[in-house]
Amino acid sequence: LQEVENPVTKVLKKGMIVGLANHSVLIAKDGTKTPIDDSGSPILDQKNKVIGVVLVFHDITERKKIEGEKQQLTLYIQQERDRLSALINSIVDEVWFANPQGEFTLANPKAQSEFANKNGYVEKNVVKLAESLEVLRSDGSPRPLEETPPLRALKGEVIKSQEEIVKTPSRGELRYRQVSAAPVKDAGGNIVGSVSVVRDITEQKKAEQALEKSERLYKSLFDNSKDGFQLVKPIYGSKGEPVDYKFLKVNAAYEAQVGLKASEVEGKTVREIDPNIEAYWIETHGKVVTEGKPIRTELFNKFSKRWYDLYLFPYGEGLVGVLFTDITERKKMEKQLQDSERLAAIGATAGMVGHDIRNPLQAITSDLFLLKGELSSMPECRTKEGVSESLEGIQNNIDYINKIVADLQDFARPLN
C-alpha cells in the first residue's frame, strides 16, 4: 500500500473540491482496512476565503465486492467463450449458428472453408446461401428451399442425421452430407436461433456403394455358380479333435448336387443330417483349420452315393469354405475305361495264348495223320481196332482245342 496525500491539504492548497485516488483504503488504528470513496470540499466565507474543509467518506466495501465478483464473472465468461470458440473451431464437422432473422452469426473454420467464395466471403443469409447452391435429397431429387435444415430448426423442428447431396463452392462437385439441426432456446423457451452440425460422408458413401456392389457380385456368383459351396464351422471334442461341423451357408448348386435344401442343412451339424457320416469328411474339414492351408481332394459320400471333387480352404476365423463338383459320372467313365482296358489286356493275352497253343497242336495233328497212315497198312486185328479208337479220340480233342483257340483269337480281334 502507498500512502496518499492528505485530502485536507489538497483542498486547502487548491481551494476546490478534490477526490481521493481510486482504490483508496482507510486503515483504522486496529489495522482494519476499509475501501472508501471520498471527496473534500472547501468551506468559504463571504469573501470566498477558505476557512475550513468538509470531508465526506463512503464505505464502498460492498461495491468493491460486487465489482470484484463482476470482474471474475466477466473473466470466467470470456474464458468460457474462448474455450467454446476453441472447441467449435477444432470440430472437423461444419458448425453453423443462425439467429431468428435467418442470418448466420457463427460458422466454424470447416464451414467457412467449404462455402467461402473466391474472395473468401461466406453468404450469411440462410435463404440466399441455400438458393445459390445445387442441393438434392438423398434420393437424388431436388430439395425445396423450405426443407433447408437451419430454417426448419428456427421453426422448432429437430433434424437428426438427415442426408443431403450438395455441390459446395470449394469442391465444385456433388458431396454426400449428413445434417443434424435443432432450435436454440432461452430460459423462457423462446427460440433465439438454430444450430446445425454437418458432416461430409462422401467417402463413407463411396465405401458403402463399393461394398454393396461387391455384395451383389458375390451374391450373383454365389447364387449362379455351378460349383457347390458350403461354409461350415468345425466342432471339436474335449481333446481338440474334430468331431463334427455345422453348416452356416450353402448355395443353390449345393442343393442341386447334394439333393438337400438350404433350409434343411443351414444351422445344423453334419452328424444331425447324416449320423453315419464317414470320419474322413470331418477330419478333412478340421485339418484345414488346424493347418491353416487349403486341401484339394476327391471323396465319396455314402449318404448321397456320389463322388465329389472338393477344394477346402480357410474362410475367416475358425471357418472352412468348400467348393465342390459332383464327379460321379466322371468316376463311372473312369471305371468303364479301366474295365475296357482290362478286357483289352485279357484279349491280347488270349490272342497270344491261342497262338502259343496252336503251334504245338499243329505238330500233334501232323503226327496223328502219320500214325493213321501207318495204322491203315496194318492187318486187321483187335490191337488195330483199339489203336484206331484211341486215335479217333485224340482227333476229337484236337478239334475241340482248335475251336477254343479260334474263339480266343476272335475275342482278341479288334471290332470294326
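Biologist: Which residue in E10 does Ala98 stand opposite?

Modeller: Ala98 stands opposite Ser194 in E10. This is a predicted model, in which local features need pLDDT of at least 70, side-chain atom pairs count only at pLDDT 80 or more, and totals for chains, interfaces and linings use all residues. Residues are numbered from 1 along each chain as its sequence is written, and side-chain values use heavy atoms, with hydrogens and water left out.

Biologist: How many bridges join E5 to E10?

Modeller: Strand E5 (residues 94-98) and strand E10 (residues 191-200) run antiparallel and are joined by 5 bridges. Strands (E, at least two residues) and helices (H or I, at least four) are DSSP runs numbered from the N terminus, and two strands pair if DSSP finds at least two bridges between them.

Biologist: What is the strand order in the open sheet?

Modeller: The order of the 6 strands is E6-E5-E10-E9-E8-E7, with antiparallel pairing. The edge strands, each pairing on one side only, are E6 (104-107) and E7 (134-137). From one strand to the next the twist averages 30 degrees.

Biologist: What about E9 and E10; how many residues lie between them in the hairpin?

Modeller: The hairpin has 5 residues between E9 and E10, and Gly189 in the turn has a positive phi of about 85 degrees. The antiparallel strands E9 (residues 174-185) and E10 are joined by 9 bridges, and Arg177 stands opposite Asp200 in E10.

Biologist: Which strands does H6 lie across?

Modeller: H6 lies across E8, E9 and E10, at about 125 degrees to E9. Axes here are lines fitted to C-alpha atoms, for helices over the stretch in contact, and angles run from 0 to 180 degrees between N-to-C directions. Contact means heavy atoms within 4.5 Å.

Biologist: Which residues of H6 are buried?

Modeller: Thr202, Lys205 and Phe222 are buried in H6. Buried means under 20% relative accessible area, exposed over 50% and partly exposed in between, with a 1.4 Å probe and protein chains only. The buried residues of H6 pack against E8 (159-167), E9, E10, E11 (228-236) and E12.

Biologist: Changing topic, which residues touch the most other members of the largest nonpolar core?

Modeller: Tyr245, Phe247, Val265, Trp281, Leu310 and Leu312 do, in a core of 22 residues. Such a core is a set of buried Ala, Val, Leu, Ile, Met, Phe, Trp, Tyr and Cys residues joined through side-chain atoms within 4.5 Å. A second, separate core of 15 residues includes Ala98, Leu133, Val135 and Val166.

Biologist: And Gln395, buried or exposed?

Modeller: Gln395 is buried, with a relative accessible area of 17%. Gln395 belongs to helix H12 (residues 382-412).
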